[in-house]
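Hello,

Here is the structure I promised to pass on. Please open it alongside this note; my findings follow.

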Amino acid sequence: MKYTQLGRTGLKVSRLVLGTMNFGPQTDEPTSHRILDAALAAGLNFVDTANVYGWGDNKGRTEEIIGTWFAQGGGRRDKTVLATKVYANMAGDGDAPWPNHDRLSALNIRRAVEASLKRLQTDYIDLYQFHHIDRRTPFEEIWQAVDVLIQQGKILYAGSSNFPGYKIAQANEAAARRGMVGLVSEQCLYNLAERRAEMEVIPAAQEYGLGVIPWSPLHGGLLGGVIRKEVEGGRRASGRSAEALADTAVRAQVQAYEDLLGKHGLEPGETALAWLLTRPGVTGPIVGPRTAEQLDSALRALELELSEEVLAALDEVFPGPGPSPEAFAW
């Protein structure tokens, strides 16, 4: 396993992040525990979740699965850098959301941390992330709540998710005025097919010393060899991939991607992850395996060295937006 610092912190994390969103809804508890054990055995120490994972009437279920894994002992909690998130309302489907049970008010942050700690069966969270921006709550209030939790030892670092560049700047300037470290990471949608983060989010993250943690590195399966799977096994694309492939231009782009990798003997999913590992500012992409076999495939990406020829060709197939502000100003 390869490790790096999380942004400007002294915290060492693996260059792959184990995403747990499938634990509960698609992967049962025993299988989830086996995946967590396999990840830890491979040296993957960075585990990401959110209080809302489990979804619907089962919100919080994913944190509970991680908590029962920690409870097995064996140094599992001590070896894990644990990240979770706060923002969404935890009311079940059909239940009316209660005021102050969502977003980033000091009250909800305090309540949400206590609930997550209980589900996770731990007394602290390494990285506590704001799952979305809260347009109603000033950062001064958010940082006051975070400061109290740090002093209590309940969280160690704060990060953001799905923040635009200007909010990263606002958040860290507000933290600096309080003499606080501020945000140390940004978790954003970023992959070969979706590179808009390169315009403002990633430059802001680099300027303020945040580690970038890309989610959906295969863009909902679109970059995982979806067309080849259709041809070879009759497995039809579904969800986001099916919607994207309905666009003939997107389908042609994905076909060109798969043809390029076939020419070089490369696996699409592993290549998409390996490409992210070459990008400036990226700490490590989030992989969300439903099975142990999918975890094995993700781990192989760590050993994959992409040549300059392949990297240049990937830029031709999936061109980025270019540097900011030149990309939109000139």
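Asn162 is partly exposed, because its relative accessibility of 29% falls between the 20% and 50% cut-offs. Keep in mind that this is a predicted model. Asn162 sits in the loop between β7 (155-161) and α6 (165-177). Its phi is near 65°, a positive value in a residue other than glycine.

Trp55 also has a phi near 65°, again positive and again not a glycine. Look for Trp55 in the loop between β4 and α2 (61-70). Trp55 is partly exposed, at 37% relative accessible area.

One peptide bond deserves a look too. Ser324 to Pro325 is cis, with omega near 5°. Pro325 falls in the loop between α13 (308-317) and α14 (326-329). For background, most residues other than glycine have a negative phi, and most peptide bonds are trans.

Now the sheet. Val47 has Leu82 in β5 as its bridge partner.

Last, Thr80. Thr80 lies in the loop between α3 (76-79) and β5. Buried or exposed, at 3% relative accessibility? Thr80 counts as buried. A polar atom of its side chain lies 2.6 Å from the backbone oxygen of Arg76. Beyond four places in sequence, Thr80 touches Leu40, Asn45, Val47, Trp69, Phe70 and Asp126.

Best wishes

Note on methods. Residues are numbered from 1 along each chain as its sequence is written. This is a predicted model: local features need pLDDT of at least 70, side-chain atom pairs count only at pLDDT 80 or more; totals for chains, interfaces and linings use all residues. Side-chain values use heavy atoms; hydrogens and water are left out. Two strands pair if DSSP finds at least two bridges between them. Helices (H or I, at least four residues) and strands (E, at least two) are DSSP runs, numbered from the N terminus. Buried means under 20% relative accessible area, exposed over 50%, partly exposed in between (1.4 Å probe, protein chains only). A polar contact is a pair of N or O atoms within 3.5 Å; within protein, one must be able to donate a hydrogen and the other to accept it, and residues adjacent in sequence count only if both atoms are side-chain atoms. Contact means heavy atoms within 4.5 Å.
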